[in-house]
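Dear colleague,

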Amino acid sequence: MLEDQAVRHGSGILDHRELRRIWRRRDDGLSYDRTHHPFFLRLMEKFDVSYRLDDGERSLIAQLVPFERPVLPWDASTPVPDGLRMLRLTCELDESAPPGLVAWLTVRHHDASTGRHWRRGVFLRHPIDAYQSEALVELHTDQTLTVEVRAPSPDLFFNVLRDSLERLLTTRWPGLAFRLFVPCPTGDADGVGCAGRFPLDGLIKFRERSAAPVPVRGATTVDAGRPEHDPMQRLSLPCLTCQHDHDVTGLLTGFVPPTLLGDELNRLERRLGTLTREVGQIGDHLADAASFAADSAHHLRQLVKAVGTEVTDCPRLFTVTTIPPTGWRWFWFTRRPIRITLWCEHPGQWHTWDGASYRLDQPRQWLRASAPYLNLMFKTLRLVHPVATSMAAFFVAPDLSGVQRELNLMKALIDTLPTAVVDDAAPVGTDARHTLSPAEGAALRSFRVLLSQLDPAQTFGGLSRVFTPAGEFLWVCPSHRHLHDPGLPVLP
C-alpha cells in the first residue's frame with residue numbers, strides 16, 4: 001500500500017475501489033483474496049496507518065500526505081485574538097523523530113481533522129464546535145515537536161493532545177527519551193516570542209518543593225537549602241533568555257491541574273451560577289459558553305482519569321434515584337428502594353442509559369458507604385448536564401429531557417445523608433491534586449462491588465468499554481460505539 005504510486009500521487013487518498021488492483025497483483029507473485037480486504041483495511045486503521053474519510057469510500061494514508069505545508073488559518077507567529085487563550089508545548093527528542101510520528105498523530109486524531117495535513121504537521125479543530133478549539137502540531141526540526149492550542153479555554157484539547165503524544169512515544173518507542181518544555185510567554189510588540197523555555201518536570205518539582213512546609217530543626221533553625229514556606233508568596237522564576245520573571249503557577253496553567261476535584265467542582269459551580277444570572281441560558285453568550293463548556297468537559301475528563309486509577313472494569317458515571325414506596329415504609333426515606341442508572345461516557349454527549357438500570361431494595365448501608373463518591377458524581381453530572389443540553393443542537397443527541405429530573409431526585413436522596421459522611425473528601429499529603437480523596441476512592445470501590453452483585457454477567461445494559469487515543473477507558477452506549485470502533489468497512 002505504501003509503495004503504490006497512484007496513492008502517492010493522490011496525496012495519500014486511497015479509493016477503496018483500487019484495493020483489488022493493489023492487493024491482487026504483486027511483483028512477487030503474491031495476491032490476496034478480496035474477501036480479506038476489509039480485514040486488512042481495518043488492521044491498517046487499528047495500527048494508525050489510515051482512517052476512513054466521511055464518505056466511507058476512501059481512506060487517508062497519513063504517511064503519504066504531501067510534503068508541502070498548506071495555508072493555515074494561523075501559526076505560531078500569528079497574534080492571539082482577543083477572547084482566546086493559547087497553550088504551547090515543546091517536545092524535545094534525544095534523537096531524530098521516528099518516521100511516522102506525525103502520521104500517527106494525524107490518524108489518532110482524525111475526528112478533529114480539518115483536511116490540513118502534511119508530512120511534518122497537522123492542523124486540527126476539536127470535533128465539538130462549541131469548544132472553539134484549534135491546534136497546530138508541527139515537527140519544526142528533526143528533534144523538536146511543538147503543540148499549540150488556541151481557544152476560549154484551551155486546557156481540554158491541549159491535555160488530550162499532550163496525553164496522546166506522551167502515550168504514543170512511551171508505547172511505540174519505549175527506548176526513545178524525550179523532555180517536555182514550556183515556552184517562555186514573553187513577546188515583543190511585533191508578536192515575536194522569546195526563545196527561552198522552562199523544563200516542565202523542573203517547574204513541577206520547584207512548585208512542589210516551594211509549597212511543602214519547611215521542617216523545623218529546633219526553635220529557630222530551618223533547612224538553608226529550601227525557601228521558607230509562605231502560602232501567600234507568589235512563586236516566580238526568571239527566564240534566562242529574556243530575564244523576565246514569570247509566575248510558576250501561570251506557566252503551569254494547562255499542564256498541571258491545580259486543585260482537588262471537589263475544589264474545582266465548586267469553582268465551576270460558582271461560574272455556572274454567574275453565567276446563568278448574567279446571560280440567562282448557557283448557550284446565550286457564545287464566548288462564555290464555549291469557555292465554560294470546555295472547562296466542564298475538561299473537569300469530567302480529569303474525573304474519568306482519576307477514577308480510572310481505581311476502577312476500569314465497569315462504568316463509573318451513574319445517577320441514583322428513589323423508587324416511589326408503597327405500604328408502611330413510605331416514611332423511611334433511606335430505606336426506600338433505589339434505582340441506579342449508568343451513564344454513557346462519550347465526551348460531550350453524556351447521557352443516562354436506561355438499558356443499564358438496577359434496583360436495590362436495601363440501600364441504606366450502601367448509601368452511607370458510597371456517600372462521598374455519590375456527592376462528587378452528582379455535582380459533576382449537574383455541571384455537565386446543561387453543557388450537554390446546550391450542545392444537543394450540534395449533534396443527533398439522545399433525549400435529555402429526563403436527565404434533570406433524575407438529578408433532582410438524586411440531590412433529594414443525597415440531602416438525606418449525614419453531612420459529615422457526604423463531605424468526607426479531605427486531601428492527604430501535598431501530592432493529592434486533582435485526584436479522588438481516600439473517602440471518594442473507597443466509595444467508588446464500594447460501588448464497583450455492588451455493581452458486580454447486581455450485574456453478575458457484567459453486560460452493563462449494552463455499554464461497552466473503548467480506549468481513547470489519549471489513553472483513557474470510556475464506557476459508551478451502542479449509539480456512540482461506532483465513533484470509537486467503526487467496525488469492518490464495506491468495500492465496493
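Which residues does Thr90 touch, not counting residues up to four places away in sequence? The model is a predicted one, and in it Thr90 touches Thr144, Leu145, Thr146, Arg179, Leu180, Phe181, Pro183 and Arg197. Thr90 itself belongs to strand β4, which spans residues 85-93. With a relative accessible area of 9%, Thr90 falls under the 20% cut-off and is therefore buried.

Turning to the chain as a whole, the protein contains 14 helices and 17 strands. It has 492 residues, of which 47% count as buried. When contacts between residues at least 6 apart in sequence are considered, 66% join residues at least 24 apart.

Helix α4 covers residues 101-108 and helix α5 covers residues 155-172; their axes come within 11 Å and cross at roughly 125 degrees. Because this angle lies between 115 and 145 degrees, α4 and α5 are oblique to each other. The crossing of α4 past α5 is right-handed. On the α4 side, the contact is made by Leu101, Trp104, Leu105 and Arg108, while α5 contributes Ser164, Leu165, Leu168, Leu169 and Arg172.

Yours sincerely

Key. Residues numbered from 1 in each chain as written. Predicted model: local features only at pLDDT ≥ 70, side-chain atom pairs only at ≥ 80, totals over all residues. Heavy atoms only, no water. Helix = DSSP H or I, 4+ residues; strand = E, 2+ residues; numbered from the N terminus. Buried < 20%, exposed > 50% of the residue type's maximum accessible area, 1.4 Å probe, protein only. Contact = heavy atoms within 4.5 Å. Axes fitted to C-alpha atoms, helices over the stretch in contact; angles between N-to-C directions. Parallel < 35°, antiparallel > 145°, perpendicular 65-115°, else oblique. Left-handed = near helix turned anticlockwise from the far one by under 90°.
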